[in-house]
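Visitor: I have a chain open here and would like to go through it piece by piece. Can we start with the surface?
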Amino acid sequence: MKHSGGLLSVLGVGFGLAGAVGGTIGAGILRTPGLVAQQLPSTGLILAVWVLGGLYALLGAICVAELASCLPRAGGWYVYAEKAFGERAGFLVGWSDWIAHCIGLAWIVTTLGDYLSALIPFSSAVIALVILALFTAIQWPGVRSGGTSQELLSLIKALAFLGLVVACFALPLPQRIESAANFIAPGTPLLVPWVIALQAVITTYDGWACPIYFAEEFSEPAKTLPRSLIGGVLAVAALYLLINGALLHVLPVPVLAESNLPAADAARLLVGANGGSVITAVALIALLGVTNTVVMAAPRILYGLGRDGLMPSFTAQVNSGGTPVPALLITVGLSALLVLGGSFDRLLGMGAFLYVSLPLSGLVALVTLRRNQADLERPFRCWLYPATPLLVGAISLAFLVAALWSDSVNSLLALALVLFGGLVSEAGRRLSPAA
């Protein structure tokens, strides 16, 4: 049974780009350059792996742009799995996606609470809950207020990182510090360090698909979604290369490799003791932008499931401003419970496995729909098909296998969580009067 939707088609490419940038660039870029430098011995190799990571994200965006343009409906990855494989598979993908978003949201606001607890006399959990309430209030009035906040926060975030880049190149540089750090010994195979570095970089690019969650709310989805996905990745890649170039200008590669937070080290070198505070402010801005993106996107997954009869129908209720309020409250409520639950180690491991799985489900759906529904209208067609989805899919599958191998317990728990969702859904079907 379908539920009539009430989302408003008012978003444009500006929001799409802001969503891609806001959902991708978090505090990770402040730390990942050091992790990459630990694996690769030169400036050229470091920049090359960031280019490769951006190319991977770009090819993924090109694949997903076809799906988004021909199926512009709310629900994210669920929409493509449901169209390609049916309602049961669609529900499992949507359920996994929503759970992963809730885990990620709880971790982000808890991290914000940890940062702010040093400045505000409250516990990190209390601050995290206040932040959840604040962003709920921002989203409640409607998609216009949510969209405006996303565009504003993404602009501030981009300016903050560009300010860091300009400072690294423009401010007088004291005598460069040196380090006795050891690098890869001559004759050591580069394959393993390259794989480790590329994995860290691709993780930092994660979030590029955020525009698909708002597909139904763009005024011209056939044009806007491909531009948002592809343009968003290009913007993020350019900013990441600038940030790495700026850090490498200030910090020698061995020093960069030793740093847990290279952006803070660079800032302290340039402006003294206040550098740590500057980077804390940049990290807060980055995390606030991601928070807004997730609070806005995750309810659209529940909305899509509810509208198509795969979740209780009230999850598809939308207020006059275009916000799925019940889905918003359920999402924020679960995230709040996770915040109060405390430890995130296991949850983050499970969420990471789910996040790796979701784009792979989209790529498989793309190939399946090309084969089984060739007559489906496709305003945008994936470039260099089928080479592009096969290449991106092979890399995604390799990362999925690596996740299973390196963190098998949490990966298996994530699979058990997906199975649990499927069992609950099936029980609901059997108990439904329409069954």
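Guide: This is a predicted model. The accessible surface of the chain comes to about 18100 Å², and carbon and sulfur atoms account for 69% of that surface.

Visitor: And how much of the chain is buried?
Guide: Of the 435 residues, 53% count as buried.

Visitor: What about charges, how many positive and negative side chains?
Guide: There are 20 positive and 19 negative side chains. The centres of the two sets lie 6 Å apart.

Visitor: How many helices and strands?
Guide: The chain has 16 helices and 0 strands. Its radius of gyration is 22 Å, close to the 22 Å from the globule rule for 435 residues, so the chain is as compact as a globular protein of that length. The C-alpha trace spans about 75 × 50 × 40 Å along its principal axes.

Visitor: What share of the contacts join residues at least 24 apart?
Guide: Counting contacts between residues at least 6 apart in sequence, 81% join residues at least 24 apart.

Visitor: Which residues have the most contacts inside the largest nonpolar core?
Guide: That core has 134 residues. Those with the most contacts inside it are Ile 46, Trp 50, Trp 77, Tyr 80, Phe 161, Trp 208 and Ile 212.

Visitor: Take Tyr 80. What is it in contact with, sequence neighbours aside?
Guide: Beyond four places in sequence, Tyr 80 is in contact with Leu 67, Ala 68, Leu 71, Ile 212 and Ala 365. Ile 212 is also on the list of residues with the most contacts inside the core.

Visitor: H12 came up. What does Thr 291 touch?
Guide: Thr 291 is in helix H12. Leaving out residues up to four places away in sequence, Thr 291 touches Leu 105, Ile 108, Val 109, Leu 112, Ile 131 and Phe 135. Thr 291 has 0% relative accessibility, so it counts as buried.

Visitor: Where is Glu 217?
Guide: Glu 217 is in the loop between helix H8 (191-205) and H9. Glu 217 is buried, with a relative accessible area of 0%.

Visitor: What is Glu 217 in contact with?
Guide: Apart from neighbours within four places, its contacts are Leu 7, Leu 8, Ser 9, Val 10, Leu 11, Val 143, Arg 300 and Gly 322.

Visitor: Last one, Trp 107. Where is it?
Guide: Trp 107 is in helix H5 (residues 87-117). Trp 107 is partly exposed, at a relative accessible area of 36%. Trp 107 and Ile 29 are 78 residues apart in sequence and 17 Å apart in space, C-alpha to C-alpha.

Definitions and conventions:
Residues are numbered from 1 along each chain as its sequence is written. This is a predicted model: local features need pLDDT of at least 70, side-chain atom pairs count only at pLDDT 80 or more; totals for chains, interfaces and linings use all residues. Side-chain values use heavy atoms; hydrogens and water are left out. A nonpolar core is a set of buried Ala, Val, Leu, Ile, Met, Phe, Trp, Tyr and Cys residues joined through side-chain atoms within 4.5 Å. Buried means under 20% relative accessible area, exposed over 50%, partly exposed in between (1.4 Å probe, protein chains only). Contact means heavy atoms within 4.5 Å. Helices (H or I, at least four residues) and strands (E, at least two) are DSSP runs, numbered from the N terminus. The radius of gyration is taken over C-alpha atoms; the globule rule is 2.2 Å times the number of residues to the power 0.38. Accessible areas come from the Shrake-Rupley method with a 1.4 Å probe; for residues, only the protein chains shown count as cover. Lys and Arg count as positive and Asp and Glu as negative; His and the chain ends are not counted. The place of a charge is taken as NZ of Lys, CZ of Arg, CG of Asp or CD of Glu.
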